[in-house]
Amino acid sequence: PPGGGYVTAVDLPAADAEVAALGAHAAAPVALASAQVAASAIAAPAQTACSWTLHRDAYLGECVGGECGTYGLAEAERLCLEHHEECAGVTCEGADAATDAASACSLRMGEPFLEFSPSAEASYTSECLPRAQQQAQPAEGAPPAGDQGAASPVQADSNAGGIMGSNEAPAPLNRGVLPLGRLAIVVVAHNKPDELTACLQALASLEGIRETPVAVSLDDPPSFSHMEAVVRSMAGRMRIDIWRKTTIPVRKASVAKISEHFRFVLTEAFDRRRFEYVVFLENDLVVAPDFLWLFRSTAWLLEEDPTLFCVSAWNDNGVAGQVS
């Protein structure tokens with residue numbers, strides 16, 4: 001659904017069924033919560049159609065023009081569209097911030113973009129497309145709109161064993177590259193500072209990394225000081241945060257510890273931080289130069305096909321001698 005889903009680069013070995021099962025279990029409420037995100041159509045110029053997505057407990061940084069004027073939600077959204085080159089969205093304060101009655105809203109540039117708000121602010125971001133792209137054009141001979149006999153736009157074809165289009169042409173979707181700022185990266189780390197250093201150095205070299213929120217999640221309290229020193233050394237090269245999982249796993253098996261850490265980062269990323277898309281990356285991996293571009297270019301797949309769990313960058317041949 002619009003505003004939901006995530007992309008991941010986590011290496012999940014086939015034998016690690018518990019971790020894979022956890023991921024599938026944790027993804028279900030994430031998708032459900034995304035489906036409930038408020039998105040309402042608004043008035044816009046005739047050539048475009050826009051929708052607004054609500055992000056609870058999140059704020060957009062820096063007011064447009066340096067002045068945080070306060071408006072009602074509808075007026076703030078209208079003004080934001082008028083200043084679309086500067087305005088990344090609207091942030092509202094107060095008890096009614098996440099409702100249509102929000103009255104203390106301001107236009108924001110989005111620097112930082114959708115950061116966690118400890119004061120329960122709510123933010124709204126828009127997506128505008130040409131109206132022609134948002135309206136399905138029935139194929140020749142297709143049943144008229146509203147015909148109860150018409151097939152679903154996307155349905156399973158039992159003969160082909162795959163997903164096939166029906167007689168009715170589906171509405172074209174926005175398959176463009178995901179804008180910078182809508183995707184975050186979470187590095188899942190334990191107690192190996194050398195591997196974390198190599199991982200973060202590779203991330204720091206990526207184009208667009210300064211506009212991408214990065215977090216390093218740690219789950220081994222005895223090694224926190226050494227691992228945090230590595231993270232702090234990269235602070236000048238990227239927007240980076242530290243998450244600490246301090247609870248002790250109930251089960252001692254290594255696979256159980258990993259699964260509990262992934263439960264923690266999934267909850268932190270989607271339920272608390274309200275990130276829209278997240279790349280989960282284990283800290284013993286070194287990314288290729290096109291790593292960020294790959295996920296930004298494929299994020300639309302998660303919105304188009306609800307049967308997809310994630311987009312993965314795991315490559316069995318991604319070893320020295322096979323890739324540059």
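Predicted model: local features only at pLDDT ≥ 70, side-chain atom pairs only at ≥ 80, totals over all residues.
Pro-112 is found in the loop between E5 and strand E6 (115-116), where helices (H or I, at least four residues) and strands (E, at least two) are DSSP runs, numbered from the N terminus. Residues are numbered from 1 along each chain as its sequence is written, and side-chain values use heavy atoms, with hydrogens and water left out.

**Backbone points to check**

- Most residues other than glycine have a negative phi, and most peptide bonds are trans.
- Asp-57, not a glycine, has a positive phi of about 55°.
- Asp-57 sits in the loop between strand E2 (48-56) and strand E3 (58-59).
- With a relative accessible area of 25%, Asp-57 is partly exposed; buried means under 20% relative accessible area, exposed over 50%, and partly exposed in between (1.4 Å probe, protein chains only).
- Arg-274 also belongs here, with a positive phi near 65° in a residue other than glycine.
- The loop between H6 and E13 holds Arg-274, which counts as partly exposed at 28% relative accessibility.

**Cysteines**

- A disulfide is a covalent bond between the sulfur atoms of two cysteines.
- A search of the whole structure finds three disulfides, each defined as a pair of cysteine sulfur atoms within 2.5 Å.
- Cys-63 is joined to Cys-68, with an S to S distance of 1.5 Å, and this link is right-handed, with 90° about the S-S bond.
- Of these two partners, Cys-63 counts as buried at 8% relative accessibility, whereas Cys-68 is partly exposed at 48%.
- Cys-80 and Cys-87 form a disulfide with their sulfur atoms 2.0 Å apart; here the link is left-handed, with -105° about the S-S bond.
- Cys-80 is buried at 3% relative accessibility, and Cys-87 is buried with a relative accessible area of 9%.
- In the disulfide of Cys-92 and Cys-105, the sulfur atoms are 2.1 Å apart, and the link is right-handed, with 105° about the S-S bond.
- This pair links distant parts of the chain, with Cys-92 in strand E4 (residues 89-93) and Cys-105 in strand E5 (residues 104-108), 13 residues apart.
- Cys-92 and Cys-105 are both buried.
- Elsewhere, Cys-199 is buried with a relative accessible area of 0%, while Cys-310 is partly exposed with 24%.

- Five of the five residues of strand E11 (residues 214-218) are buried, so the strand is largely enclosed by the rest of the structure.
- In a regular strand the side chains alternate between the two faces of the sheet.
- Both faces of E11 are covered, with Val-214, Val-216 and Leu-218 buried on one side and Ala-215 and Ser-217 buried on the other.
- Strand E10 (residues 183-189) runs parallel to E11 and is joined to it by five bridges; two strands pair if DSSP finds at least two bridges between them.
- E11 also pairs with E12 in the parallel sense, over five bridges.
- Val-216 is the bridge partner of Val-187 in E10 and of Ile-242 in E12.
- E10, helix H4 (residues 193-204) and E11 make a right-handed β-α-β unit; a crossover is right-handed if, with the strands pointing away from the viewer, the path from the first strand over the helix to the second runs clockwise.
- E11, helix H5 (residues 224-233) and E12 make a right-handed β-α-β unit too.

**Aromatic rings**

- The count comes to three aromatic pairs, where rings of Phe, Tyr and Trp (its six-membered ring) pair if their centres lie within 6.5 Å; planes under 30 degrees apart count as stacked, over 60 as edge-to-face and the rest as tilted.
- One of them is the stacked pair of Trp-243 and Phe-275, at 6.5 Å centre to centre and 15° between the planes.
- This pair links distant parts of the chain: Trp-243 is in strand E12 (residues 240-244) and Phe-275 in the loop between helix H6 (254-272) and strand E13 (277-282), 32 residues apart.
- Trp-243 and Phe-275 are both buried.
- Phe-291 and Phe-295 have ring centres 5.1 Å apart and planes at 85°, so the pair is edge-to-face.
- Helix H7 (residues 291-298) holds both Phe-291 and Phe-295, four residues apart, about one turn of the helix.
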